[in-house]
Structures are given as structure tokens and as C-alpha cells.
Amino acid sequence: MVKRPLPPQQITSRNDFSLVRVPDGAPDTLAWWIEQYFRFEVTTAASSQQVQRRDLDRFLGFLRTEEGEDQRIRWTPRLSRAFQEHLRTALTPEGRRSWSDRTANRMLAHLKTFAKWVHKLAPFPLGDPMAKIQLRQVGAGLEVERALSDSERRRLLDAADLLPETGGRSRDRNRYRGQARPRRKNFRPWRNRALVYCLVETGMRRAGAVHLDLAGVDWSRRALTVREKGGAEHSYQISAQGLAALRDYAGQERPGDAARGDSPAFFLAAAGCAQGQGRLSVRVINQIWNQVCRLAGVAGKTPHSARHAMGRHLIAKTGNIAAVQRQLGHRNVSYSVQYARITRQELQDVLDERE
């Protein structure tokens, strides 16, 4: 592989840091240091530099918001920890995490390299502000602490149960005063209710709900057989309440939507949906889940949070790792073992009991 030659100023700067100095009268700001960093130190491809600059600019914006300015001396170890916590807890308007752990680790890694370079040239008063920041382990780790709590599960199912009565109704109370408000033509309350029950009461992935066929529902064994990742089939057991919700949808709404085609899917798009292909998409499932979450007052939880909750529930009730592996279909038992981990809040509760 032919290496791209470095510009002369970059070759020199790696051997002589004295070339980078704050000009007399120039503000010692982080914005200035970022420009010098890309001028003298960064040698990666343009696409990589674009990502690095975006990550550093995000931190620069955080610094300005927190401190009201971007003077270099404002960057302290405590501010770095605050930024790390911000990356971990910030939510989108839909209630999902703004950045995954992998993305947050990338931003922090770029910051660590930048801080180390600046610290060599102009030492920070309190030391390298990123020196003690540890990146979170990602990969095989599961975010079990993002599982639905018992109260969130209860509120979600209660909100789902209200859909046949109140879901999809017109919000114009004045126009329909004294009479039942009409429902949107393509709104499917029984389907949406059944979908939420399916996810919560089995721990099924969203893709599993997409691939669930009517033929895959074994009503007598309370089992749902779906095609999972990699094409393998897996059977989920479902609670009596969950099965009842599926039966309500299969009897009340699904026949009308099934009449327009021969889709084998269990969860069908509304017959009046022009763009519908019979089988629901993951995007539509996300929309349904988020709508019910808003009704239930549950924020920051995704359909996968229901999967984590099922793993936690099985461990709490049985203490058996094999039960988790069997229900959730983990090929690698290490995934199931992680549901036995104690959360920070549970650990805190145990410690507080000693007081």
C-alpha cells in the first residue's frame, strides 16, 4: 500500500511542537486549538477528518453551553465527565437515546487524542481533562439497565388496553360534543394493542413481529414461531393475557384487512393504506410503540427494552439462565448470563437497606 506523503507543516509539527503557539493577543480558545489540530496534526482521509471535526464541534458546543465561553482553561476533568454523562443520557424527542454507546465512545476517543495533543503544547491547569475518562464496553454487552420496569410495563399494557376505546379518535371535542368522536379510517386499535402485548409478553424482537405469520401462532401451546436473525426459526412462549390480545385482534380486525390480499402475516397493514404491502415494517412497529409509550407516559424505552425486561423477569422468577436462553433464543449463553447482572439502582437499594 502506498502511503500518502504528509504535508511539510505536519511532518515538522510532529518533531517540533514549538511551531504551534497562541499568537500574541489571540484568544486562547478551544476553537482556535481545534483549527491548529487539523492544520498541524490530523493526517487522516478527508471523510475521517469530517467525522472528527463534527465530534470535536459537538463538544465545543457543549462547553459553550455549560461555561458561556470556550476558553481552553474551562475544559476540566469534571467537564469531561459531564459531557460523557450527557452522551449517555440525552434523549431524542421520540424518547430514544441520542447516541449509542459505540457512537459516544468514538466521540470520546477523538476528544482524548485531541486533549492529549493540546496538553503537550499548553498544559491544562488541572491536568489532561480526558486522562481518566474510560470508554464503555460495547459489543457483546447488553444494556439490561434500559429494560422496562414493572411500573412501565403495567402502564404500557394499560394504555394498550385503552386503544379500542380512545385510540385514533378525533381531537375536536367541540365539533362532536355530546356524541362519540369518529376514529381515523386506517387506525387499527386491536392490532396495535396486540402488537404491544406480543412484544412485552414474549420478549420478541421487532423483526420477529414483522415475520410472525398467522400459521406461526399455536393457540393451544401458547407459542409463536417466527423466523429470526440468520433465518433460523424460534418459538416464543406467550402469557395468557398476551394470547388473549392476539385472539381479539385475529377475530375483530384482521379478517377485514386480510380480505384485500393473501398475505400470511399475522400483523397486517390497514386495507385502506395505499402504500401497505400486507406485512408491517419495522418502522411502523416503532411508530406504534412510540405512540403507546406517549399515552403511557413512558420515555426513553424501545421495543428492545421489552426484550430486556423479559430476560430480567425470568431471572427474577426462576433464577435459571437456561430459561432466559430458551425464551429469548440466545445461541450464545453469555448473552443470557448478563440478565443476572444487578443494576445500579438495585445495588443502591441493597446498600441502603443497611442504614
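This passage walks through a predicted model of a protein chain, from its overall make-up to a few of its local features.

A word on conventions comes before the details. Residues are numbered from 1 along each chain as its sequence is written, and side-chain values use heavy atoms, with hydrogens and water left out. Since the model is predicted, local features need pLDDT of at least 70 and side-chain atom pairs count only at pLDDT 80 or more, while totals for chains, interfaces and linings use all residues.

The secondary structure of the protein chain comes to 15 helices and 3 strands; these are DSSP runs numbered from the N terminus, with helices (H or I) of at least four residues and strands (E) of at least two. Of its 355 residues, 41% count as buried, where buried means under 20% relative accessible area, exposed means over 50%, and partly exposed is in between (1.4 Å probe, protein chains only). The chain exposes about 20,100 Å², and carbon and sulfur atoms supply 49% of that; accessible areas come from the Shrake-Rupley method with a 1.4 Å probe, and for residues only the protein chains shown count as cover. Among contacts (heavy atoms within 4.5 Å) between residues at least 6 apart in sequence, 59% join residues at least 24 apart.

The buried ones are Leu 30, Trp 32, Trp 33, Ile 34, Gln 36, Tyr 37, Phe 38 and Phe 40. Several of these turn up again in an aromatic cluster, which is made up of Trp 32, Trp 33, Tyr 37, Phe 38, Phe 59, Phe 62, Trp 75, Phe 83, Phe 114, Trp 117 and Phe 124.

A pair of aromatic rings is described by the distance of the centres and the angle of the planes. Here, rings of Phe, Tyr and Trp (its six-membered ring) pair if their centres lie within 6.5 Å; planes under 30 degrees apart count as stacked, over 60 as edge-to-face and the rest as tilted. The structure holds 14 such pairs. In one of them, the rings of Trp 33 and Trp 117 have their centres 6.0 Å apart and their planes at 80°, so the pair is edge-to-face. Trp 33 belongs to H2 and Trp 117 to helix H5 (residues 101-121), so the pair ties together parts that are 84 residues apart in sequence. Both partners are tucked away: Trp 33 counts as buried at 1% relative accessibility, and Trp 117 does so at 6%.

Trp 75 and Phe 124 also make an edge-to-face pair, at 5.6 Å centre to centre with 80° between the planes. Trp 75 sits in the loop between helix H3 (46-67) and helix H4 (77-89), and Phe 124 in the loop between H5 and helix H6 (150-166), so this pair links parts 49 residues apart in sequence. Both Trp 75 and Phe 124 are buried.

Leaving aside neighbours within four places in sequence, Val 196 is in contact with Leu 156, Leu 157, Ala 160 and Val 292. Its C-alpha atom is separated by 9.2 Å from that of Ala 245, 49 residues away along the chain.

Arg 222, in the loop between strand S1 (217-218) and strand S2 (223-227), has a positive phi of about 55° although it is not a glycine. Arg 222 is partly exposed, at 40% relative accessible area.

Towards the end of the chain, Gln 327 lies in helix H13 and counts as buried at 10% relative accessibility. Not counting residues up to four places away in sequence, Gln 327 touches Thr 202, His 234, Tyr 236, Gln 237, Met 310 and Leu 314. Gly 329, in the loop between H13 and helix H14 (333-337), is partly exposed, with a relative accessible area of 30%.
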